[in-house]
Amino acid sequence: MKKVYTGKTKDVFALDNGNYLLKFKDDCTGKDGVFDPGENSVGLTIDGVGDVNLRMSIYFFEKINAAGIKTHFVSANLNDTTMEVLPAKVFGHGLEVICRYKAVGSFIRRYGDYIAEGSDLPAYVETTFKNDEKGDPLVTKDALVILGVMSDKQYDDIKAMTQKITKIVADDLAEKGLVLYDIKFEFGYDKDGNVMLIDEIASGNMRVYKDGKYIDPMTLSKLFFA
């Protein structure tokens, strides 16, 4: 295997069969030792978080694939905390897609003059460029198309897929008495330009509450698999 990328929470290796291997790590994004899915740098290390992130990713990728939504998931190995995935190109230099059911986090920091914190949102989708130095700037559909990052259809596909996937995750959490506030995804595309969900679906990429209180990623994983 050849390492092709070192990420904040995962490393990527090229496989001989043309696919890639993601190695999950115990690093989390955050600041001053406190986890925050919206932060741009590694802020802490939590023993075992890589394992639970992989377990949750397997669970949801299999469910999403079964729903007929295209993802890069092929298989996983819990013994070495790895996941085999299909090759996919990222949009631009990397794009994050957030779906919001509640007005919290960076959304309320930007728009707090217009909406109360915790207000319901209608599966609101927003996109940001992955750029740590610029603080992951927001980017609109028109800009993405004008800049040549994606086509009009690819954006529409991403938005529709994001809302469908978020509902799958939210409904599953709701069965366990958990409320999804927002979730972050990444998408890529295959050689034919077809959009697919990539990266992971883990507790570290979502804000979840129970009885009005925020649940940290490790506690969420324990509750989820209880």
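**Around Glu-200**

Modeller: Start with a polar contact of 3.1 Å between the side chains of Glu-200 and Lys-10. A polar contact is a pair of N or O atoms within 3.5 Å; within protein, one must be able to donate a hydrogen and the other to accept it, and residues adjacent in sequence count only if both atoms are side-chain atoms. This is a predicted model: local features need pLDDT of at least 70, side-chain atom pairs count only at pLDDT 80 or more, and totals for chains, interfaces and linings use all residues. Residues are numbered from 1 along each chain as its sequence is written, and side-chain values use heavy atoms, with hydrogens and water left out.

Biologist: Where is Glu-200 found?

Modeller: In the loop between strand S14 (195-198) and strand S15 (206-210). Strands (E, at least two residues) and helices (H or I, at least four) are DSSP runs, numbered from the N terminus.

Biologist: Is Glu-200 buried or exposed?

Modeller: Glu-200 is buried, with a relative accessible area of 4%. Buried means under 20%, exposed over 50%, partly exposed in between (1.4 Å probe, protein chains only).

Biologist: What does Glu-200 touch?

Modeller: Lys-10, Phe-24, Asn-53, Ser-57, Phe-61 and Asn-205, not counting residues up to four places away in sequence. Contact means heavy atoms within 4.5 Å. The side chains of Glu-200 and Asn-205 also make a polar contact, of 3.3 Å.

Biologist: New topic. At what angle do H1 and H4 pack?

Modeller: About 125 degrees, with the axes of H1 (residues 49-66) and H4 (residues 152-174) 11 Å apart. Axes are lines fitted to C-alpha atoms, for helices over the stretch in contact, and angles run from 0 to 180 degrees between N-to-C directions.

Biologist: Which residues make the contact?

Modeller: H1 gives Tyr-59, Phe-60, Lys-63 and Ile-64, and H4 gives Ile-165, Ile-168, Val-169 and Asp-172.

Biologist: And H1 with H5, how do they pack?

Modeller: At about 50 degrees, with the axes of H1 and H5 (residues 217-224) 10 Å apart. From H1, the contact uses Val-49, Val-52, Met-56, Tyr-59 and Phe-60; from H5, Met-218, Ser-221 and Phe-224.

Biologist: Last one. Where is Thr-162 found?

Modeller: In helix H4. Thr-162 is buried, at 0% relative accessibility. The Thr-162 side chain reaches the backbone oxygen of Ile-158 at 2.7 Å.

Biologist: What else is Thr-162 in contact with?

Modeller: Val-97, Cys-99, Val-125, Phe-185 and Phe-187, leaving aside neighbours within four places in sequence.
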